[in-house]
Structure formats: structure tokens, C-alpha cells
Amino acid sequence: MNTFKYTKQPSKPNQMNPNKALWEKGDFTRIAETMRESGEALVVKLGITKDLFILDLGCGDGTTAIPEARLGARVLGVDIASNLVEAGNARARAAGLSNCTFREGDATDLSELKDGSFDLVVSIFGAMFAPKPFEVAKEMVRVTRPGGRIIMGNWIPGDPTLVAQILKISSAYTPPPPEGFVSPMLWGVKENVTERFVSAGIPRENISFVKDSFTFSAPYTPTELVNVFRSFYGPTMNAFEAAEKTGKSSDLQHELEVLFNSQNKSSVSGNTSIPATFLKVTVMR
């Protein structure tokens, strides 16, 4: 796709971006497989029309980018994890979607993309995990054309549903974060989101919020889904590594199994369907 000029910046020798390391550690495609149906359902509600220019930021392997392209939009997916970028391009090729391309990049610095390049910037559980949230908001606003929109889906701290609880449980088994660390979960707090986008030049009245639900669906048991998270989801992998060192990995496993099984809503024996509440943010540029 020749619409977007995007040149990957050379990385500094011997300096690994910790956020990149986290998301390349496992294989998030295994988690994303359980998110396809909800990803498509979310995209249907975005009012996408043919030839809309979309940036899907923190796109993973295309859970929302692929459905956006199927609706006729011209989509650039950007993710910090090279393995997910590769997987996304493979999915786009397999689907025959020449209007969808994936590139490696950092949500805190999209300097390779021109101002006002996109009609719509989408980030569903993606950019919220990047450091420097004020820079992330500034970059999303900068690359959105005047009159365009930014749509974010962000997990909510303290929410009783699945993902917030996974992260809460996992954090109890890991060492405290480094000084100056800003929790990604603050993207799920209206006041924080408003402050970040207002700082980027968006009028307060152009920012709106609604709670929505995203369902993890799998043709296997909740306990098996716990093991998928344990083996392939970076934050959970880190939690188990830390728990192994303190002899508490079985405790962590038990807590997660109780969580997943208690929240399973599937009426089909041996299957999993777990809804998780998130904050949907709409910003009018």
C-alpha cells in the first residue's frame, strides 16, 4: 500500500525498549484468536465507509484492522511488536486485503507519519500500554485530520471483570514497578483521559465516554484459557516468572483459574465466553 510513507527508525544498539520486549515476549496472536468476534462487532459500530484512511495503533495482528479493511477502509496498522506486525501482514495477505498494511512503530513517536494523515485513529487495548501517555495522546491528535475522530478502547482499573482482574492479580506477584512508572490502567479513568487529550489541544467537550463490553470466546475450557495467558501473554508470563522465584506459582495459577471459571458465561460445556468491560473513548478532532 503506497498511501503511507512509514520508515522504521533504527534502534539504538544494545538498548531494548522494555515495552517492545514485553509484547514480543509471548505470542499475543494466541490471545487475539479469542477476541475476533468482539473485534468485528466493535468495528461495525464505528461508521466506517469505503476509502476512509485509518490508523490502527497498537494493532496486534489485526483484530480490528482486518475488519476495518474488509469494510473498504485503507488501513495502516502500527504495533511495537515485530512478531505481531508479521502476523498481521500474513493475515491481510491471506484475506486478499491489499488495502491493509502493518508496520512496526511506537505510539509515543509517530514522526514518520504526516500531520492530519488519517480520518480515523483506532486503538483498542493498544496505545494504552505505551509509556508516556501525554506523548501518545499528542501523537494521536497530530496524525488525525481536523474533523476526524480518535476511538480508544481501554481497560478500567478496579473493574470486576476479566482483564482488570488478571492484571490486578498478576501485579500482586510481581515486584513493584520502577519509579516514575505510569500505570496503563489510568487510560481507563475519564479524568486522566480528558487531561491527556486537553493537553494535546482537544476541547474538553469534544471528548466523550461510554462503557462497552468485549468478550473472550474460545472452544476450550476457562482453565485452558488460563494456560494460554500463562504461556503467551507478556504480563501474565512475567507474573508467573516472578511467582516461580517465590514458590507461589501454584497460588497464582489457582487465583486465575477461579477468576476465569467464575466469569465464564458460556452455555456450551467445555467452551469459554467471558465478557470484560472497557471504557470506549471518542475524541472529535
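A crossing of two helices is called right-handed if the near helix is turned clockwise from the far one by less than a right angle, and left-handed if anticlockwise. Helices here are DSSP runs (H or I, at least four residues), numbered from the N terminus. The model is predicted, so that local features need pLDDT of at least 70 and side-chain atom pairs count only at pLDDT 80 or more, while totals for chains, interfaces and linings use all residues. Residues are numbered from 1 along each chain as its sequence is written, and side-chain values use heavy atoms, without hydrogens and water.

Helix α6 (residues 133-143) passes helix α8 (residues 190-199) in a right-handed crossing. Their axes (lines fitted to C-alpha atoms over the stretch in contact) come within 8 Å and cross at roughly 55°, on a scale from 0 to 180 degrees between N-to-C directions. This makes α6 oblique to α8, where angles under 35 degrees count as roughly parallel, over 145 as roughly antiparallel, 65 to 115 as roughly perpendicular and the rest as oblique. Contact (heavy atoms within 4.5 Å) involves Pro133, Phe134, Ala137, Met140 and Val141 of α6 and Glu195, Arg196, Phe197 and Ser199 of α8. These residues comprise six nonpolar, one polar and two charged; Ala, Val, Leu, Ile, Met, Phe, Trp, Tyr, Cys and Pro count as nonpolar, Asp, Glu, Lys and Arg as charged, and the others, Gly among them, as polar.

Helix α9 (residues 222-232) packs against helix α11 (residues 249-263) at about 130°, with the axes 9 Å apart. The two helices are therefore oblique to each other, and α9 passes α11 in a right-handed crossing.
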